[in-house]
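Hello,

Here is the structure you asked about.

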Amino acid sequence: MTPPVLEPVGKSVQRVDMYDKLTGTAQFADDLQFGPGLYYGRLVRSPCAHALVKHIDSTKALRLRGVKAVVTGQELPAQIGLYLKDRPVFARDRVRYVGDPVAGVIAVSEEIAEDAAQLVEVQYEELPAVFDPLEAAQPDAPLLHPDLGKYEVASFIFPQPGSNISEHFKLRKGDTESAWSRCAAIVEGTFRLPQIQHVPLETHIAVAKWESSGQVTLWTSTQSPFAERDLIAQSLGIPHGNLRVVAPYVGGGFGGKAGVSMEVYAVVMARAVKGHPVKLRMTREEEFVGTTTRQSLVARTKIGCDAEANLLAMETQYYFGGGAYNDYGVNIARAAGYSCTGPYDIPNVKGDSYCVYTNLPIGSAMRGFGMPEIHWGIEQIMDQLAEKVGMDPAEFRRRNCVRTGDTILTGMEMPQIDLVACIDKVTEAAKWHNREKPAAPHKKRGKGIAIMWKAPAMPPNPGSSAVLRFNEDATVQVEIGAQELGQGAFTVAAQIAAHALGVPYEWVRVSAPIDTKFSPYEWQTVASRITWSMGNAIKVAADDAKRQILNMVADHWGEDAANLDIKNGRVISYRSERELPLKNMVVYGLPNEDFEGWKGGPVVGQGKFMPTYVTNLDPETGQGTRAVVHYTVGAQAVELEVDTDTGQVEILTVASAYDVGKAINPDLVMSQIEGGAVHGASSTFEALRFDDQGQPLNSDLADYRIMTAVDAPREIHGDFVETPLEDGPWGARGVGEHVMVPTAPAIANAIHDALGIRFNDLPLSAEKIFLALRGKEQKEE
Amino acid sequence: MTIHSITVTVNGKKEYLTVPSNMTLLVMLRDQLGLTGTKNGCTAGECGACTVLIDDEPVNSCMMLALEADGHEVTTVEGLGCDDGQLSPLQQAFAVHNAVQCGFCTPGMLISAYALLQRNPHPTEDEIREALVGNLCRCTGYLRIVNAVQDAAEKGKA
């Protein structure tokens with residue numbers, strides 16, 4: 001027997017879900033059993049990128065044996081969305097991308113539903129389509145949403161009706177015009193990133209059941225059980241108390257399972273066949289182009305510094321290609337706007353960040369939420385500026401990066417961070433100044449560095465809550481609404497509860513699956529906010545439970561509660577040195593001395609956390625007291641080799657360091673850092689491709705390659721810095737998304753170091769590198 | 001649709017089943033036997049989440065018909081552990097190395113690694129990575145998985 005783990009915060013305890021995930025007993029949504037009454041749904045999707053829907057005829061589909069119902073948008077005038085309600089549940093008058101759902105077919109088997117979906121006849125009248133965000137932002141571009149001005153929208157999002165611009169964030173600080181003349185070096189460039197996909201191993205899946213009583217249950221793989229409930233309830237007019245969302249383990253989210261995507265279809269389809277659960281599972285092809293993607297970006301960025309390498313000015317325009325619906329993506333453009341400089345102290349900034357409708361799959365949240373996209377250009381320009389003023393790129397970043405207490409671009413004071421320490425750690429781990437020879441004559445070797453920042457991008461007031469209940473044997477149920485996506489949220493929850501209560505880690509059980517009927521509220525498991533926000537709520541709940549226990553025992557012993565504590569599951573008195581185990585007492589209470597009556601009773605601790613200090617920003621300048629709750633910062637260095645015969649890149653080592661405030665579980669932090677580095681490296685070579693009609697060309701895993709065990713870097717040096725955050729549990733802040741933000745630009749900078757060639761556009765295909773090498777050779781000849 | 005009677009040994013237990021001719025082994029395992037540890041990630045043989053052993057060979061169970069398993073032995077993730085609920089040495093190595101995040105690829109990953117160690121008890125890092133090339137993972141970056149397999153190999157047990 002291994003001894004119990006006491007005071008687990010800061011220790012690399014084993015994941016609470018490890019055993020279940022190693023033995024196949026962990027349940028994902030598709031593993032739930034629904035019995036013989038289960039029906040299956042398939043979606044009828046638009047073959048056109050932009051068209052009017054003239055007529056839908058379901059007659060033939062309904063005649064197929066085994067088909068139970070067909071639902072369309074005609075009978076459903078519902079809109080849905082988190083920040084901007086621009087998405088009809090089913091397309092009504094218009095389709096806006098290849099794959100836009102126009103109808104749902106329900107049948108007794110998935111095969112019959114698939115066959116019936118082919119029989120639904122839809123007449124389209126094609127419209128001109130637009131795919132490039134720059135073109136789509138022009139006044140004469142085909143308009144995707146003529147009703148943009150009528151959609152419900154969050155107070156901090158600024159759509160421009162009559163155009164394809166769903167959000168325009170403006171940042172104005174200082175005076176860029178006069179600053180340019182003081183610059184000794186100016187670099188500008190246009191950088192393009194394609195749409196990419198999250199590629200979770202588990203595709204989206206939802207099962208819904210609509211009872212004749214009006215009670216609705218949705219079982220689904222989601223990062224956001226409560227946001228699903230809120231948005232679907234609002235959209236379909238279901239009382240929140242009648243909609244229950246049950247959320248088993250998520251087989252990879254990365255932002256793709258945030259908010260609502262396809263889950264609402266399952267609910268609408270279930271309404272048509274009341275009493276029967278309806279399962280809707282995305283095929284891998286649908287996952288690629290029919291759920292959500294990371295938005296594309298065209299960034300036009302200009303940055304200047306003086307001869308001493310001090311950054312003076314930046315002007316940038318970010319055009320995010322948001323796809324057909326921007327219900328979530330508008331906030332990515334906003335986040336990119338208020339963080340538009342990257343982690344730098346620049347006195348004069350003019351930034352414009354746009355989210356633009358295009359006739360392509362829906363752009364939405366993906367790990368990094370706009371930051372990997374904007375850092376791609378910023379971090380390459382920083383290297384070029386460093387080169388122009390003759391300074392080492394790492395040193396250039398040390399000089400200019402944000403520091404605690406800086407007044408950053410929005411006017412907010414930078415909360416506690418130490419980015420310089422992160423840079424120092426990665427340059428040391430990467431042996432920054434050592435130059436090793438390439439492995440072969442046809443290979444070239446290079447090193448690159450990039451730094452990053454990212455704030456949780458969310459409404460000002462996203463809340464967390466937690467409840468702690470005791471079982472008779474003093475084991476503890478920790479009830480939360482945060483979701484386990486693989487990042488370790490449940491483990492961190494158990495660690496924080498155990499540590500704050502004073503019980504062994506092994507005594508804590510997380511009440512899962514998350515179920516909106518029983519679990520306390522959590523806004524969403526997104527934005528790398530859970531360790532911080534949920535952690536705070538659990539700590540408050542533990543303190544509440546502990547206070548109840550100590551007051552009871554203090555009364556029992558006739559002592560002052562201030563002299564008591566809970567250690568290793570026992571109440572102890574520092575004064576009298578008495579001890580009492582928690583067992584039984586936490587449920588049954590304690591008898592009075594003479595057994596004349598009892599005191600106490602079942603202990604239930606509750607806690608909540610919600611940031612209350614975030615302020616609005618001025619719509620014309622982006623200035624305000626407190627734009628965001630905090631930033632996590634970090635640095636990454638990459639060493640790689642390029643094969644000059646093939647253009648292929650082999651990433652040899654990655655060194656990363658992030659300031660996490662406090663590593664609640666160091667091994668989980670390292671797991672994020674390693675996994676994120678590979679995710680980031682993989683994303684450098686990924687792109688969803690479309691033909692000139694908006695038809696997807698590579699929506700399968702053979703044609704859209706993600707890194708395999710053979711491609712992935714073999715050496716990853718993860719590290720972290722712990723500069724405590726004022727309002728984090730034990731000082732902790734999040735690190736889930738940040739870990740892939742600097743990877744792509746660090747790779748680009750390393751490729752430039754190796755070849756002397758800059759690549760402004762992703763993906764970095766071997767073909768593109770090969771051709772650039774040939775071009776360079778020809779020029780040199 | 002023709003229905004076939006088949007006999008398959010699944011995790012050491014003989015099963016007598018009737019399956020339609022178009023049913024995949026993956027669907028048979030999940031829907032007929034309730035062995036949901038084997039995951040469906042793409043239904044196209046591209047992700048490896050549904051990997052099981054047929055006799056000693058790892059296969060994508062989404063690409064094989066149930067009736068092709070007639071007379072064969074199938075091992076799924078549920079069959080890897082010990083009868084008393086203890087983890088196998090390979091599973092323990094995954095636990096020690098914290099080689100799991102979302103867990104969706106884990107069953108297939110374990111099966112491919114188990115098959116490798118059965119046929120090659122002392123693989124090099126290259127051989128491990130090559131053996132796992134058909135098992136995609138989006139969370140871990142593979143490093144900890146490779147280290148876990150190496151560790152299990154060094155201890156001489158799978």
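**The contact between the chains**

Chain B puts 40 residues into the contact, and chain A puts in 41 residues. On the chain B side, four helices each supply at least two residues: H2 (89-96), H3 (106-119), H4 (125-131) and H5 (143-154). By class, that side of chain B has 20 nonpolar, 14 polar and six charged residues.

**Confidence**

Keep in mind that this is a predicted model. The predictor gives the complex an ipTM of 0.98 and a pTM of 0.98. Chain B has an average pLDDT of 96, and 99% of its residues score at least 70.

**The core**

The largest nonpolar core holds 321 residues. Val105(A), Ala266(A), Val478(A), Ala493(A), Ala497(A) and Ile538(A) have the most contacts inside it. Helix H14 of chain A (residues 530-557) gives this core its largest share, 13 residues. Leaving out residues up to four places away in sequence, Ile538(A) touches Ala466(A), Val478(A), Ile480(A), Ala493(A), Ile496(A), Ala497(A), Ala500(A) and Gly607(A). In soluble globular proteins, nonpolar side chains tend to be buried together.

**A sheet in chain A**

Three strands of chain A make an open sheet, ordered S6-S2-S8, with antiparallel pairing. Strands S6 (94-95) and S8 (121-126) of chain A are at the edges; each has a single partner strand, so one side of each has no neighbour in the sheet. Strand S2 (residues 51-57) of chain A is joined to S8(A) by six bridges, and the two run antiparallel. His55(A) sits opposite Gln123(A) of S8(A).

Best wishes

Conventions:
Residues are numbered from 1 along each chain as its sequence is written. Chains are lettered from A and ligands numbered from 1 in the order in which they are written. This is a predicted model: local features need pLDDT of at least 70, side-chain atom pairs count only at pLDDT 80 or more; totals for chains, interfaces and linings use all residues. Two residues are in contact if their C-beta atoms, placed from the backbone, lie within 7 Å. Ala, Val, Leu, Ile, Met, Phe, Trp, Tyr, Cys and Pro count as nonpolar, Asp, Glu, Lys and Arg as charged, and the others, Gly among them, as polar. pLDDT is the predictor's confidence in each residue, from 0 to 100. A nonpolar core is a set of buried Ala, Val, Leu, Ile, Met, Phe, Trp, Tyr and Cys residues joined through C-beta atoms within 7 Å. A residue is buried if 20 or more other C-beta atoms lie within 10 Å of its own, exposed if 12 or fewer, and partly exposed in between; C-beta atoms are placed from the backbone. Two strands pair if DSSP finds at least two bridges between them.
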